[in-house]
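Visitor: Please walk me through this structure, and tell me what lies behind each term you use.

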Amino acid sequence: MFDLIVIGGGPAGYLAAERAGHAGLKVVLFEKNSLGGVCLNEGCIPSKALLNSAKLYEHALHGMAYGVKTEGVAIDQPAVVARRGKVVKMLVTGVGAKMRGAGVTVVKENAVIKGRVEGGFAVTAGGQDYEGAKMIIATGSSAVVPPIPGVKENLGDFVVTNREVLELKEVPKNFVVIGGGVIGLEMVAYYATVGAKVTVVEMLDHIAGPTDREISAMLQKELEKKGVTFLLSHKCLAVETGKVIAEAPDGGKVEIPADKVLLSIGRRANLQGFGLETIGVETNRAGIVVDAQGRTNIEGVFAAGDCNGHVMLAHTAYREAEVCVNTILGKKDTMRYHANPSVIYTQPEIASCGLTEEEAKAQGIDYEVKKLSMRYAGRFVAENEGADGLCKILVDKAHRNVIGVHMIGSYTSEIIWGAAEMIELELRVKDAKEIIFPHPTVSEIIRETLWEFKD
Ligand code: NAI
């Protein structure tokens, strides 16, 4: 019998297996596809490979702004897609090596929970049974496919999801994105940069969901400069070959020409097809119900990552996995979400952590806010000709601690963790001000903005 069964080899599953293996547990990990899950194979990593090519292309196009002469600059879409494949392959191999290093048994089959056995649980995979004392479910999430006429019929071809959109061999002439959330916006940034005419159909009156409104409006403006059309407060009614039909706020119908349609209206926890019901694990509309230690209602069964429906982010999944493993090992640990950073890897990037102004208001928190243009960071000005951005910090008026940091501008994804630490440690402004930042770096914008507060 294994000490631990892990179902799912994405960020939550593979990290849980690795941590548990290194702690001396006998672990079996089941993955029906490729190790690394959606994040590594068809999400976070391949999209970043594409976006980096777009960034290089854009820099080359505007080379003269930096005194660099460039001629005949062009995007080679098949080469971009091929590089993405190379990056993914390398990292998937790396996850396999990590599993071997931690002594984890990897079974590349679809696992189905059979039921309880003496001292644990049984799982069947590839015609063989496996038993384990404890179990972590890390089955991830899938793209929501709504009952909009024409969507299901054209899926994988004219209509694509996060998976296929990373493999398009040709840049579509007219690219329509249904849903202006994180996945949609990152692909908008890529395809608008490499020459597609992009239209976004978004149901809400703003893009980027829960992002600070001032910052999401700035991103919208930047993308509009690249020719992107945003149809806000528009509901997608149907998809037909060559077009998307949407309902405008006044009830009128709009037809948008389309060669390719990206469906990015959210993701749903994967709860079917692996026998969750056989042992009676409780679920709700969002996913598997867990407590702050990742425990489900069934003793010995834990859930981490997208399948618990909390926050569908890979870095959150990593931490949830660690909390589950520590709890299994009898170590005290708790999942906290208040300092969970989030990033949208558009150009410019958005990076946020903690409460937005909208959230602080809704929670009745009396806060003070300070903002500074990214141009207050010398490194930003030196490296981003003609560009601007914003850093916005929220401080709790009563306790004087940092409760939210929101930024738009290049490099912000790389510096948000520092802000997360301030929020996690509940640093007061006067303490945060004493931190020495390296100069010149874009990170100094956080320090500069902190100094806008009296104390
Ligand atoms: P999302 O929840 O971020 O955005 C979906 C958008 O679609 C929302 O703005 C919603 O109002 C809109 N929508 C829903 N139904 C619609 C309809 N019928 N017509 C028009 N608009 C409609 O979902 P998304 O972009 O699919 O991303 C899924 C998950 O993946 C997110 O939870 C996100 O956290 C994660 N992700 C994170 C990334 C990152 O951290 N950089 C990158 C990519 C994905």
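**The antiparallel sheet**

Guide: Five strands, in the order β18-β19-β22-β21-β20, form an open sheet with antiparallel pairing. This is a predicted model, where local features need pLDDT of at least 70, side-chain atom pairs count only at pLDDT 80 or more, and totals for chains, interfaces and linings use all residues. Residues are numbered from 1 along each chain as its sequence is written, and side-chain values use heavy atoms, with hydrogens and water left out.

Visitor: What makes β18 and β20 edge strands?

Guide: β18 (342-344) and β20 (367-373) each have a single partner strand, so one side of each has no neighbour in the sheet. Strands here are DSSP runs of E, at least two residues long; helices are runs of H or I, at least four long; both are numbered from the N terminus. Neighbouring strands in this sheet are turned by 10 degrees against each other on average, direction ignored. Axes are lines fitted to C-alpha atoms, for helices over the stretch in contact, and angles run from 0 to 180 degrees between N-to-C directions.

Visitor: How do you know that β21 and β22 pair?

Guide: Two strands pair if DSSP finds at least two bridges between them. β21 (residues 390-396) and β22 (residues 402-408) are joined by 6 bridges and run antiparallel. By that rule they count as a pair. Lys392 stands opposite His406 in β22.

Visitor: Which strands does helix α10 lie across?

Guide: Helix α10 (residues 412-424) lies across β18, β19 (350-354) and β22. Its angle to β22 is about 175 degrees. Contact means heavy atoms within 4.5 Å.

**The parallel sheet and a hairpin**

Visitor: Why are β8 and β11 called edge strands?

Guide: Another open sheet has 5 strands in the order β8-β15-β9-β10-β11, with parallel pairing. β8 (159-160) and β11 (229-231) each pair on one side only. That is what makes them edge strands.

Visitor: How many bridges join β8 to β15?

Guide: There are 2 bridges between β8 and β15 (residues 260-263), and the strands run parallel. The rule asks for at least two, so this counts as a pair. Val159 has Val261 as its bridge partner in β15.

Visitor: What joins β4 to β5?

Guide: β4 (residues 111-117) and β5 (residues 120-125) pair in the antiparallel sense over 6 bridges. Ala111 stands opposite Ala125 in β5. Their hairpin has 2 residues between the strands, and Gly119 takes a positive phi near 80 degrees there.

**Domains and a cavity**

Visitor: Where do the domain bounds come from?

Guide: They come from an automatic or database domain assignment. The chain is divided into domain 1 (2-143 + 268-328), domain 2 (151-265) and domain 3 (342-450). The C-alpha centres of domain 2 and domain 3 lie 29 Å apart. In contact across them are 15 residues of domain 2 and 17 residues of domain 3.

Visitor: What makes a space a cavity?

Guide: On a 1 Å grid over the protein atoms alone, a cavity is a set of points where a 1.4 Å probe fits but cannot get out. Lining residues have an atom within 4 Å of a point. Grid points are joined across faces, edges and corners, and a volume is the space filled by probe spheres set on the points. The count comes to 1 cavity of 30 Å³ or more. The largest cavity holds about 40 Å³ of space.

Visitor: What makes Ala208 stand out?

Guide: Most residues other than glycine have a negative phi, and most peptide bonds are trans. Ala208 is not a glycine, yet has a positive phi of about 65 degrees. Ala208 sits in the loop between β10 (197-201) and α6 (213-225).

Conventions. On a 1 Å grid over the protein atoms alone, a cavity is a set of points where a 1.4 Å probe fits but cannot get out, and a pocket is an open set with protein on both sides within 12 Å along at least five of seven lines; lining residues have an atom within 4 Å of a point.
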